[in-house]
Protein chains: 2
Amino acid sequence: MADQVITLSDVAAAAGVSLSTASKALNGTDRISEATREHVRTTADRLGFRHNALARSFARGRSQTIGVLTHRASNPFTRVVLATAATELGAKEQAILLYDARIGDRDVTESILQLRARRIDGVIVIGTGTSFPSPSLTSRFDVPVIYAFTFTEDPDDVTITADDEEIGRLAVRHLLSKGRRRIAHITAEPHDNAAQRRAAGAEEVLAEAGLRWASPVRFGRWREDWGEEAVAELLAEAPDVDAIFCGSDAIGRGAERAVRASGRDVPGDVALIGVDNWEQLMHDQRVSRHLTTIDVGLEEIGRQVAAHLLDPDPQPGVRYVAPQVVTAKTT
Amino acid sequence: MADQVITLSDVAAAAGVSLSTASKALNGTDRISEATREHVRTTADRLGFRHNALARSFARGRSQTIGVLTHRASNPFTRVVLATAATELGAKEQAILLYDARIGDRDVTESILQLRARRIDGVIVIGTGTSFPSPSLTSRFDVPVIYAFTFTEDPDDVTITADDEEIGRLAVRHLLSKGRRRIAHITAEPHDNAAQRRAAGAEEVLAEAGLRWASPVRFGRWREDWGEEAVAELLAEAPDVDAIFCGSDAIGRGAERAVRASGRDVPGDVALIGVDNWEQLMHDQRVSRHLTTIDVGLEEIGRQVAAHLLDPDPQPGVRYVAPQVVTAKTT
DNA sequence: AGAGGAAGCGAAAGCGGTTTCGCAAATCAC
DNA sequence: GTGATTTGCGAAACCGCTTTCGCTTCCTCT
């Protein structure tokens, strides 16, 4: 267990060189003969030496830690981005220090001071992908700040987020490819940024195909019961609808139940496509799918965030992650 | 931005005391007059001094970092425990360093050495809550190790996990309370630990009520399509079944579709209860529910793990988190 | 052969604190 | 009033490693 830990000076002594030489040999820096370097290395290996990562980071002024600021860490989407980024960063020996806005009464300024005091190496701001822009904190840190699954008011911020318009386009294109022409859309609050943009993308493709919505877009909530409720209205108003683009899988689930309850077949009479890829999010491994959906690429966002953070100079601006259609039984 | 960061010697100088005195004053240790202590404190405040957490930890030999070992960080349950624990730990200034077994070819021994080199303050091992015991790593660290959502072979390990038997009991008790008597059970692989224990708990309550399963327990997979498939068989064999305890919400979803497809009403003819609380996991905020389910308490596991880690001496042994019935429209 | 430059290595100075230890002043006992 | 304690504070060592800087060698070129 607590077998005496080997320090760099032990290695240096054993190798018969100075502490500084040992350091340089192991770090690959500075001018050192290949022979010495190799000798120190093998000695270190033989002794089972491991750097005291803490002291090491400390001497370098870096903490090997990334600060993460979330609005609500319990949000399922936030969790996915968080877990993915943490995994990637962990593989690169970077720890994460999470400050959730919901916890404690620490305000943002306090969090920033704390993070700076800890000599954080970078910051990730994770949003919820919907309505509100994140305030730009970039100028308050002297380390890289990356925004994930949100947007900010400063166009020079490094942002990685979902491509909601493309999601809308993909959804309608998919339905069109299945021969559907009388398409409706049920989605969330009208002021929700993601809902708006998905609808806009969808309409764009629809217009290109010379079509219009089979019934006006129904804005409501990101909820299963709203899907159910909206479909009931929809079928009353446009009974011949043959496809519904649902703004989320939750809405899609509710919608499917209502469509079936009306005696219609899915996907025979009405095709359904959602957004989020719930089943994947809930299952991890590949599963047989039920609801056709669009994966917004949350894990990819997490991966890219980690990659950009380790990148010495990421290009500023918004980077959209490509969404993917996941075909299943409802289309 | 990069406003010159205040160091402890700045404070000492400004307060007209030595570095060591300043350190002691701010740490509350050693013999120091209250006047001096107060003076140093206000000076520090005035200057906006913040400890360099890194140097500080370093000097104390602690990293303010918790190591987290996961089997598969992309597992949705793992993510919940991880995110919750990270949030709680973040509130206590503890960072987490995540090593996922799936990433890289770093084996466990290597991870352990890395973590020890980093002078980690504690370790969390997060399992997937199902089949396999986690190997006990406690003796390989000299800091606290806590196992979450899994079990180990060493009864002295500190473990916090779900109470699968209680989940089974609650499910059947709930169905009985709704007046159901012809109850069936559809669940996952027969060798899955969670599936077994849930079934065992359920049978216990059933037996107490002088009942038996309406049809033998159907073991299959944790998947939606299995729920659909199993219900079809079940209804053929026991058409008068009036309630189904589904081993997971995914199974429950499939089951519901099949029950409705058979022309039966839910919950009129057949009541359904699942396990996992998917809707909550996918929504965070309180939503109107559809499927009655049992929340296994993943977030509570995460919270307790964080609390135990910060606790100077946690009691060894297994601690079960109480599951909760979440009533909705299917019962 | 001699000058100049590059390569290799170690001494020493940090990094930003904590902690031990010793000394001087203040308090106490008698 | 004198000696024994206690109290308050600072000098210095230390944590484990990185990095600068200067001193030797060893080449290379003329």
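How do the residues of the surface near DNA strand C divide into nonpolar, polar and charged? In this predicted model, that surface holds 10 nonpolar, 13 polar and five charged residues. Altogether 28 residues surround DNA strand C, and the closest are A:Ser20, A:Thr21, B:Leu8, B:Ser20 and B:Ser23. The elements that give two or more residues to this surface are helix H2 (19-27) and helix H4 (53-60) of chain A, along with helix H1 (8-15), helix H2 (19-27) and H4 of chain B.

Turning to DNA strand D, one finds 27 residues around it, of which A:Leu8, A:Ser20, A:Ser23, B:Ser20 and B:Thr21 come nearest. By class, the surface near DNA strand D has nine nonpolar, 13 polar and five charged residues.

The protein chains also meet each other: 53 residues of chain B are in contact with 54 residues of chain A. On the side of chain B that touches chain A, two or more residues are given by each of helix H4 (53-60), helix H5 (76-91), strand S2 (95-100), helix H6 (108-117), helix H9 (224-237), helix H10 (249-261) and helix H11 (278-283) of chain B. Among these elements, H5(B) gives the most, with nine residues. Sorted by class, this side of chain B has 26 nonpolar, 14 polar and 13 charged residues.

Methods:
Residues numbered from 1 in each chain as written. Chains lettered and ligands numbered in written order. Predicted model: local features only at pLDDT ≥ 70, side-chain atom pairs only at ≥ 80, totals over all residues. Contact = placed C-beta atoms within 7 Å. Helix = DSSP H or I, 4+ residues; strand = E, 2+ residues; numbered from the N terminus. Nonpolar A, V, L, I, M, F, W, Y, C, P; charged D, E, K, R; others polar. Near = placed C-beta within 6 Å.
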